[in-house]
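Please look through the following notes with the sequence and the model side by side. They go from the whole chain to single residues.

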Amino acid sequence: TVNRFAKTRAFLRFRGGGSFLVFQGHLQEMLLCRLFPLRVSALRLRTPPKFARVRMATAAAQTDEEFRATNQSAFLVGATGETGKHILEELTNRKIFQTVTLIGRREVQYEGEKYQSILQKVVDFDNLDDHAEAFKDHDVGFICLGARAGNTGVTSNLPALRKVDHDYVVKSAELAKSGGCRHLVLLSAMRASKDASNPYSKIKGEVEEEVKAMGFDRLSIFQPAVIMVKRTDETRVGEWFLKKALAPVAFFFPTALTVPIATLARAMVNSALTTKENSVDVLNNKAIHNLGGKD
């Protein structure tokens, strides 16, 4: 059945938070293999029972006060992207860090008392070594930087894609490590692999391997599938169509191919509160749902 549709595989690119998500053929194959045959094994793709997801989110909330007492600081790279915006909301609402430093190209105006503990460092990503000070003395770092799709056409420009999704991310991680960061939380992508044939997946995989080699005390790598986000500032026809097409999949198989952006952001923040024996933790889409709890 899959072979019959091989010639119609789509190469879809769209913006999903802090990074691109590229679907190339495997979306079609997963839909065909998992949905149409309706095998019993497909039931294993369902999320944990609702009560389990609620309990997981509650457990994370119960550790907020204890974590807050450790007086840790964090930085966030990519705060103006969709995923970064949601991570910032999690951080400012829960106030688990003494300070949160936003590292970006420009200063952003935030209104509200909850943003008073936010610090901002403006940097030139093409000359990050000149801004090493911005990455110093943070306990936890969140990197969800990614090239912007849609209006810029950067997805068709591989050098530009590599500069943002690889060079900027790797250099940020290097400076964070040398600056004393102990736990790095990195947004990657589903099926990231340095051996992938797809350029986007390959770049993401190369980044993962290079960051792993840096030797952080803890490294949490998030590999989400399609990030479901409601945009209010612009319209992207391709993304709108894809979300509509995936709506039934998200309903019947919530962890298979999609993740709400709020769940992803909450999971990334929750990872800072969890204790792991392994220094490197790679979370796939289902693990992100579990850690993010109920949306």
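**Notes on the predicted model**

1. Among contacts in the protein chain (heavy atoms within 4.5 Å) between residues at least 6 apart in sequence, 75% join residues at least 24 apart. This is a predicted model, in which local features need pLDDT of at least 70 and side-chain atom pairs count only at pLDDT 80 or more, while totals for chains, interfaces and linings use all residues. Residues are numbered from 1 along each chain as its sequence is written, and side-chain values use heavy atoms, with hydrogens and water left out.

2. The protein chain has nine helices and eleven strands, where helices (H or I, at least four residues) and strands (E, at least two) are DSSP runs numbered from the N terminus. Of its 295 residues, 51% are buried, a word that stands for under 20% relative accessible area, whereas exposed stands for over 50% and partly exposed for what lies in between (1.4 Å probe, protein chains only). The protein chain exposes about 14700 Å², and carbon and sulfur atoms supply 51% of this area, as computed by the Shrake-Rupley method with a 1.4 Å probe; for residues, only the protein chains shown count as cover.

3. Two packed helices are described by the angle between their axes and the distance between the axes. Helix α4 (residues 82-94) and helix α8 (residues 261-273) pack at an angle of about 55°, and their axes are 8 Å apart; the axes are lines fitted to C-alpha atoms, for helices over the stretch in contact, and angles run from 0 to 180 degrees between N-to-C directions. The pair α4 and α8 is therefore oblique, given that angles under 35 degrees count as roughly parallel, over 145 as roughly antiparallel, 65 to 115 as roughly perpendicular and the rest as oblique.

4. On the side of α4, the residues that make this contact include I87 and L91, and on the side of α8 they include L264 and M268. By class, the contact of α4 with α8 has nine nonpolar, three polar and four charged residues; Ala, Val, Leu, Ile, Met, Phe, Trp, Tyr, Cys and Pro count as nonpolar, Asp, Glu, Lys and Arg as charged, and the others, Gly among them, as polar.

5. Leaving aside residues up to four places away in sequence, S201 touches M190, R191, A192, S193 and A196.

6. D137 is found in the loop between β5 (118-122) and β6 (140-143), and its phi is near 65°, a positive value in a residue other than glycine. D137 is exposed, with a relative accessible area of 63%.
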